Amino acid sequence: MIPAWYLRMNQRERLLAVSVAGIVFLLINLWIWSALFGMAGKAHAAFSARRTARAEQIIYLKEYKTWANREKWLEKTQPVSKGEVDASTLLDQVKQVASKHAILLENPAIGLGDATSTHQSVFASVETKCAWPPLVHFLYDMQRPEAFIVFENVNLIIDSSDPTIMRGKFKIAKWFAPSRGK
Amino acid sequence: MRSISRNGVWDVHALENLEEAANLLNSGEEFVLGLPINMVLAQRLRLPTVDPQDFPEMVRIQVEKSFPYSPDEVTTDYEIIEQTESDSVISAVAVHNERLSEMAAPLLLRGHIPSQVTVYAAQRAATHAAEGRALLIYPEGEKLISAISENGKLSLTRTLDAREPEQLQRDLPQLTLSAELQGINSLFPSVLLDETCLSLRDTVESLFAQRPELVGLEMPPAPVKLNLLPEQWKQQRVQLLRRAEWRQRLLWAGAAYGAALVLFFAYVFAIRLMVGSLDKRVARDASEVAFIKETEATWKALAPAIYPRYYPVEVLLHLLESLPNQNVRITAYKQSARQIQVEGEAPSAALAYEFAENIKKNRDLRAFAFEMGSPRILPNDHAQFRLEAKPK
C-alpha cells in the first residue's frame, strides 16, 4: 500500500521526493561500492604480494638442498685464520709458486686485508717481470676453489723495452672464514 | 472458496462477511465476487436480433428505463439466452456502483479488487442447469431466493421473505405467474433445491409435481460470462496489478542487489582466507628461505675466490680466445674486485669492434658486462682500444 504521506503530496512534490530519494540512494551506493571495491582492491593487492612472495619462496626452497650443501662445503673448506702469520705464509706460498715457474718477484709486501661478514683476509703484494707463458702458469697455479686465494688487484702490461716480457703488479689475498662470535 | 494450487482441490471456508474474506486474500490474488440477488437488477429482455455490437447499447437503454440511476452510476452486462433470426432473448443484469462499492468496502480498503463481479445465482444456475429451463431455490443469508434460469442464464429472480413452507406455497405460484407473463414456460424440466432447504422439499414437490433435486456447494462453480466489474474498478485493478508487478520487480532487484553484495563479500572473504593461508605458509618456510638467502649472499661475496670464471687466468684465456686474429693485441690488463680493464691495439677500428663483439658473445665471459669506448686511431692507422667490464 502507498503511504498516506505520499498520497498527500502533489505531483511536483512527489517528483522532488523521488528525485531526492534517488540521488541519496545513488550516493549511498556509490559510497558502499567504492568502499567494497577499495576493500577488494587491497585484498587483491595483498594476495598478489603474498603469492609472489610464496612463488619466490618455492623457487628458493627447491634449491634448499644445494644451498645447504654449499653451506656445508664452505664450513668445511674455507680456511680459518691463525692470525697475522697467515700473511707471511701466503707470501711464502706465492714465492714458492713463482720460483716453480722461474718468475722473479720484486717489492714483496704483506698485510691484513678487510674483514667482512663473509671473510677476513691477509694479502701479499708482489711485482713480476717475466715472459707470458710462465706468468700464465703462475696465475693458474695460484688459484683453485679450495684455496680461497683471490687476485684483488692485477695489473699486467707489456714491458716497453721488451715486448716479450710482461710486467705485473699483483695484490694476492687469502680469504679466511670470518671470526665467529664477534 | 479457493482453488488449491489449481490441482482440482478446493479450499472451502464458511465466512460471516467480506471482512473475513478480505483477511484470507493475498495481495494481487485473482478472485471472483458473487453478488447476492438483492444487489442486482436481473431482467429478461426480448430484443430484435441485430449486430452483436449493438446489444450493449440496447441493453443499457432498457436498463435505464428500469433503474432509477443515471447510466454512469450503473454497471450492466448481459448474456444471450436464445437467439433466432428475428429476435434474441437476453439476460440483462445491472448493479448500482455505489452500492457495490459500499458492499465491497472491506475488500477495497485492503486493496483487493476482484477480477470478475458476477451474480451468485448465475454461477449456481450455470453449474447445475447449463441446459434448458430450471427453477433454483436456495438461501442467501436470511432470505430465500427463487431463480429461473434458461440455458444456464438468469432470466427471473425473486427474493422470498420467509422460509416457511406455507409462505413458499403462496409465493411460488406468484413467481410462476410472473414467469408466464414474461413469456417463460413455467413447466420446469428441472427444479433444484439447496440441500440446506431440505424441509421445503415436499412443499416444492407438491407445487411442481416433481421431486426437486438437492444441490450442494459448487466445487468448482462453472465459469460465467456475466461480469459487472465497474470501469473504475478495472482501472484500479490494472493499476494494482502494475504496482504488484513493479513491487515484484523491485523485490527481485533487491534480491539481486543483496546477492551481489553477498557474493562480493564472499569474494573478499575468500581472498582474505587465501592471504591468511599464504601468510602461514610464508611464515612456516621463512627461516629456511632466510638461510638460503644468507648462504647465497655469502656465496656471491666469495665468488671471486670460489668461481674460476672470476680468476684472472680464466678471464685472460677467454679474452685471447675472442681475439679476431693475431694482429689484434692486448697491451695492458687490469683487474680489481670492481672492474676489469683491457687495453690493446688492432690494425683497424673494425677489428677492435669485432674483438669487443666476440667478447660479448663469449659465454665464458658472461659474468661480466663489457663496454668499449671509441677506439683511438694512431698515426700508423692502428686503432688503440680500451674495454671496461664490471661483474654482473
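Student: What makes A:N155 and B:K334 a place to begin?

Tutor: A:N155 stands opposite B:K334 in β13(B). The model is predicted: local features need pLDDT of at least 70, side-chain atom pairs count only at pLDDT 80 or more, and totals for chains, interfaces and linings use all residues. Residues are numbered from 1 along each chain as its sequence is written, with chains lettered from A and ligands numbered from 1 in the order in which they are written.

Student: Why are β3(A) and β13 of chain B said to pair?

Tutor: Two strands pair if DSSP finds at least two bridges between them. β3(A) and β13 (residues 329-336) of chain B have five bridges, in the antiparallel sense, so they pair.

Student: How many residues of chain A are in contact with chain B?

Tutor: 41 residues of chain A are in contact with 35 residues of chain B; contact requires C-beta atoms, placed from the backbone, to lie within 7 Å. On the side of chain A that touches chain B, α2(A) gives the most, with 14 residues.

Student: Which strands of the open five-stranded sheet in chain B are called edge strands?

Tutor: The order is β10-β9-β8-β11-β12, with mixed pairing. β10 (153-160) and β12 (213-215) each pair on one side only, and are the edge strands.

Student: How do you know that β8 and β9 of chain B pair?

Tutor: β8 (residues 133-140) and β9 (residues 143-150) of chain B share eight antiparallel bridges, and the rule asks for at least two, so they pair. Within this pairing, B:A134 stands opposite B:S149 in β9(B).

Technical notes
Contact = placed C-beta atoms within 7 Å. Helix = DSSP H or I, 4+ residues; strand = E, 2+ residues; numbered from the N terminus.
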